[in-house]
Amino acid sequence: MAAVQVSEAEKVYILHGIRDDLRVDGRGCEDYRHMEIETDVVSNTDGSAKVTLGHTAVLVGIKAEIGKPRPMVPDEGYLEFFVDCSANATPEFEGRGGEELGTELSNTLYKVFNNKHSVDLKSLCISTGEHCWVLYVDVLLLQCDGNLYDAISVAIKAALFNTKIPRVHISADDEGGKEIELSDDPYDCMRLNVENVPCIVTLCKVGHRHVVDATLQEKACSVASLIISVTHKGTVTCTRKVGGGSLDPESIFEMTEAGKRVGKALHAPLMKLLQQEESLGKKHQKVGFLG
Amino acid sequence: MLKSKTFVKKTRSGGVMKIVREHYLRDDIWCGSESCSECKQESTVLQRDACIESNLCPYAHYLIPDTNVVLHQIDVLEDPVIRNVIIVQTVLQEVRHRSAPVYKRLKDIIHEKEKHFYTFTNEHHNETFVEREPGESANDRNDRAIRVAAKWYSQHLKTSKSDPDGLKVVLLTNDQGNKEKAEESGLLVYKCEEYIKSLIANPELVDQLALSNDDKNEITSSKMLFPEHLPLSRIQAGIKSGSFLQGTFRASRDNYLEATVFVQGEGEDSTEVLLQGLQNLNRGVHQDVVAVQLLPRDQWVAPSSFVLQDEGAAKDDDAEEEEDRVLRISAAEAARKPTGKVVGIIKRSWRPFCGMLNVSHIKESTRHLFTPADRRVPRIRIETRQAATLAGQRIMVAIDGWPRHSRYPNGHFVRSLGSAGDKETEQEVLLLEHDVPHQAFSQAVLSFLPKMPWSITPEDMVKREDLRHLTVCSVDPPGCTDIDDALHCRELDNGNLEVGVHIADVSHFIRPGNALDKEAANRGTTVYLCGKRIDMVPELLSSNLCSLRSDVERMAFSCIWEMNHKAEILKTRFTKSVINSKASLTYAEAQMRIDDTTRTDDITKSLRGLNKLAKILKKQRIQNGALTLSSLEVRFHIDSETHDPIDLQTKELMETNSMVEEFMLLANISVAQKIYDEFPDCAMLRKHPAPPPSNYDILLKAAKSKAVEIHTDSAKALADSLDVAKVDNFPYFNTLLRILATRCMMQAVYFCSGMDSDFHHYGLASPIYTHFTSPIRRYADIIVHRLLAVAIGADSTYPDLMDKHKQSALANNLNYRHKMSQYAQRASVAFHTQLFFKSRGILNEEGFVLFVRKNAIIVLIPRFGLEGTVFFDTKDKATPNLVFDEEGPTLKVEQHTFCIFDKVKVTISLDDSNIQHQKIRMSLIDPVIPGVSVPAPDVEPQAKKPKLDR
């Protein structure tokens, strides 16, 4: 992972600041940096979103394809994740340098999103046991400036919100053969319910306190971090400790509580923003990558 | 400006794919009008004074037809009267998507300068591009796009200051909804019919209008005559599950209530399903691809031996039922065939049909029946006001549709070809009917011809062997200008003989893939009609540069053998060469040289050597079981001024004919072996399958009736038994038998060696065969030349040559063209025979019974090589007592029994009472059967004039 060199003096400065709830860039411990979200940025996907958080930038594209349901859950569709750590983000990712991080990220994303409590997987079923929609979620890291998990999760939620799956009908003929028929109206499509889709909040323990949305410098001072995925109701769906270092039970508890609080507060403005953008329809001026 | 177009598509594997295309809008698309001063266009298409006399639109105007108008009324649009039309890109794209033939015709019109058709690319125009809105169907969007374009035009032309009157645009649409919306937005809009009918000066255009749905209702009663066709989705499901069969509809030539559907199975496993009765035919038209359902086994029937023609005026339904009953005569169980009914049409193959009009008996009626020249196509009901002028003319008619309640399909008049009986017209008809491409070669094709004056360059010589010193000569029929083969024979120092077959090197001039090559591949073969040749390659090649004429240097592809005096091949080699033919002889001239013992020049010696070897080769071939079959070929003596036939005789064969033939066969076999060895997967070969034993039934029965035994176990057995089949006092018997045997044979076909395993050529008794020797007139030979050239390293290859699927598709086209050219040739001979008999009046001739049918005998007149039918149940006479025995087969008419080979005397005359199908009529003179035969008339010297004003 992209890292910065931090001198002892800097470390002390950051540590002391956080102890007093004042971070280097002026934020409090539970504040996020400036976040920008834009959906429908890649036209050849079924849903896409671009999120920038500070200088961290991620792009998520979702492609819906027809596949076969998993045998254990014949009436559900599923999601597939792939995280591409582009060398654009940081030179360390060049070659196969980003592979390990990519796998780690996508494994976490499976845990967080690919279950029926997060996404309504039943609505992805086309015909039980035969056809279902598979959503390929492709994450592209454009720039790394700390707190990848949070940025990715917000982008995924926005992209899922934006996803338009073409509506299909199953027509059965006399002999029981089934044929998938596509609606010929491009506007006739299915939307996903993203209400329960969680967001990830990463908490980094710095000194005796913890911060959300750590910058790279803060990250360098952190002992350990915990990721918590939280729904809009404040339900924790997944927690995971990442990185080295250890956490005592008490601070885990404290961090979970803080994560719940922050996560819950994150959903409402996000949904409001997405709905606002949607309602603009075609009048919406696209910013894209050059904005 | 950039827009993106997004749509979802189903992939072949059943997935769904989202496709995004970039779409650029521009501001430099001009309107194409002469009167416009704003647009910075270099040349204009649409005229300033776009006037057409119309009582609806008396002002100058441009037309904008919508998609359906173009699709259905293309015949009207093609008319020279209709000019200054704007074809909107949306329409062009939709037409292209929905009908390839109409698209091609539309493109042709657009390219024609005098038509002033302008394509407006509205989809890329900044102001006329429309995006599909939620809830809008694709059709609605396209209609809107057309309206927006029309609106743009009407405003654009109004603002052009140069023209104070202002040109107007008229939108043509037959869609009521579209029309209303257009009117709402203030456009001038008319239905196509309305507009065409308003053209005061050109009333004949109305006839070319295709019938639209609401017109059809008036035509016939609402009684449903036919069962409904199933929708395509159910047909496909049925075919998948095996309850329906898909096949090509083939109407019977002799009986309009009968058809077969040829179902292509896997490999050799193809079946034929019989259809009988109007209900079961269910509006199938010859060559349509249809879905059939088999009837239960107890309803299966046998094909009837009746000859039944749909004649007379439009029929009532009662008469139909009676005819149906005639068909339902119980047949022997064994003769029954799988019988079915048409449940749906998968693909119509309607094309414009040639034929003639049956003028309705009711005066003032504008609805008439049209009888196609091809008897397998049903009669078509058309609407026309020019019936009086069209009667007696050959016309073309296109089918528009066949509603359930109509006995006949509905169609419209396309164009007139000229008056019937006219030689030019008839030739045009038979070329069109046999799908022979006969237009002049296009400029694109001609551009690939070598530049004249042409000569052989030193570069050409590098890869070629110089054979100019050899005494090569060609032997062909008189008047032949496309000489594609030449021969030589000389003695070598070692006492052996060197024999060379030199074939015109056409593949040197026709390079793969260019327009010339594609045109030749499409034409497939040169078609020889009486007095006319339709070339496969332009004349410069066929009659000059490729033709191996005497005393000029020509490029050739040579096949050279070293043989001993027993005609055993010791060595074979192939090479590209340059030759200089020393003489172009006719068969007769060559024969004279050989026979004239006083001549000892090189050419004659060479010919004698060839002749000697050919005799040995022929003997060997016959020993191996090659068949010598017979068919009568007729040659007309044509009057040099009127081009009318003045006499006809059957072709004579000379020794030299067979001499040339032997060496051609030998070259073909040698080349076939070579290309197959070299390219086992993609060699173009020719096979002649052995006929199924049942084909010989008629031959065996016929022979048995004269107590002669014929063995058909193998080609050899057949050849031998034909040789010994003789009946005393009946010298012509053997020829008749051979004619019959020819009829039992299968068609020889081209095929690609990688797609088939059976290569045998039955007739020639050769394990492998191809066509190499006539590249000027057959495309297959060009392919074989290319393969051979690659094999010997004289030329480079190209991908399509090695693609067995493409080769196979090509072979199918060649087979089709070849078959059609033979039919066209036969039709041409038949037409000239009719011309001949027209000038001769009535003749009495001797003939032989060739076939016996239930109600007729078919008689062969050897003198003219003519076959005709003597019917015993004519409409105006009482039918005599007929007893048909299938075993014989014999037909007992009153007291007399007819068997195959019976000698009869008939009168021959031209029956021109029905000018649509003039035919040779034969009536019986001898044997005399009271009430059936006619008294022998005196031969009338004067000719009857055809009644043209009927």
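**A chat about the two chains**

Modeller: In chain B, five strands close into a barrel in the order 8-9-10-12-11, with mixed pairing. Neighbouring strands of this sheet are turned by 50 degrees against each other on average, if direction is ignored. Keep in mind that this is a predicted model.

Colleague: How do strand 10 and strand 12 of chain B run, and how many bridges join them?
Modeller: They run parallel, and two bridges join strand 10 (residues 271–276) of chain B to strand 12 (residues 339–347) of chain B. Within that pair, B:L275 stands opposite B:G340.

Colleague: Which strands of chain B does helix 10 touch?
Modeller: Helix 10 (residues 232–241) of chain B packs on the sheet and touches strand 8 (245–251), strand 11 (289–294) and strand 12 of chain B. The helix direction makes about 125 degrees with that of strand 12 of chain B.

Colleague: Let's switch to cores. How many residues does the largest nonpolar core have?
Modeller: The largest nonpolar core has 90 residues, and B:M659 and B:F663 are those with the most contacts inside it. Helix 26 (residues 779–791) of chain B gives the largest share of this core, ten residues.

Colleague: What is B:F663 in contact with, leaving aside its neighbours within four places in sequence?
Modeller: With those set aside, B:F663 is in contact with B:L487, B:V499, B:V501, B:W561, B:M563, B:L610, B:L613, B:A614 and B:L617. There is also a second, separate core of 70 residues, which includes A:V60, A:Y149, A:I227 and A:L266.

Colleague: On to chain A, then. How many helices and strands does chain A have?
Modeller: Chain A has five helices and 14 strands. Of the 291 residues of chain A, 51% count as buried. Looking at contacts in chain A between residues at least 6 apart in sequence, 70% join residues at least 24 apart.

Colleague: Why is strand 13 of chain A largely enclosed by the rest of the structure?
Modeller: Seven of the seven residues of strand 13 (residues 224–230) of chain A are buried, so the strand is largely enclosed by the rest of the structure. A:A224, A:L226, A:I228 and A:V230 point one way, A:S225, A:I227 and A:S229 point the other way, and all are buried.

Colleague: Which strands pair with strand 13 of chain A?
Modeller: Strand 11 (residues 199–206) of chain A pairs with strand 13 of chain A in the antiparallel sense over seven bridges, and there A:V201 stands opposite A:I228. Strand 14 (residues 236–242) of chain A also pairs with strand 13 of chain A in the antiparallel sense, over six bridges, with A:S229 opposite A:C238. The hairpin of strand 13 and strand 14 of chain A has five residues between the strands, and A:G234 takes a positive phi near 95 degrees.

Colleague: And A:I252, where does that residue lie?
Modeller: A:I252 lies in helix 5 (residues 249–280) of chain A. A:I252 is partly exposed, with a relative accessible area of 33%. Leaving aside neighbours within four places in sequence, A:I252 is in contact with A:L226 and A:L247. A:I252 and A:L226 are 26 residues apart in sequence and 7.9 Å apart in space, C-alpha to C-alpha.

Colleague: Now the interface. What area do chain B and chain A bury between them?
Modeller: They bury about 1,500 Å² between them, 54% of it on carbon and sulfur atoms. B:V16, B:K18 and B:R132 supply 38% of the area that chain B buries against chain A, more than any other three residues. The contact takes 18 residues from chain B and 21 residues from chain A.

Colleague: How many salt bridges are counted between chain B and chain A?
Modeller: The count there is zero.

Colleague: Last topic: the open sheet in chain B. What is the strand order?
Modeller: Five strands of chain B form this open sheet in the order 32-31-30-36-37, with antiparallel pairing. Strand 32 (866–871) and strand 37 (919–926) of chain B are the edge strands, each pairing on one side only.

Key: Residues numbered from 1 in each chain as written. Chains lettered and ligands numbered in written order. Predicted model: local features only at pLDDT ≥ 70, side-chain atom pairs only at ≥ 80, totals over all residues. Heavy atoms only, no water. Pairing = 2+ DSSP bridges. Helix = DSSP H or I, 4+ residues; strand = E, 2+ residues; numbered from the N terminus. Axes fitted to C-alpha atoms, helices over the stretch in contact; angles between N-to-C directions. Contact = heavy atoms within 4.5 Å. Core = buried A, V, L, I, M, F, W, Y, C linked by side-chain atoms within 4.5 Å. Buried < 20%, exposed > 50% of the residue type's maximum accessible area, 1.4 Å probe, protein only. Buried area = accessible area lost by both parts, 1.4 Å probe. Salt bridge = Lys/Arg side-chain N within 4 Å of Asp/Glu carboxyl O.
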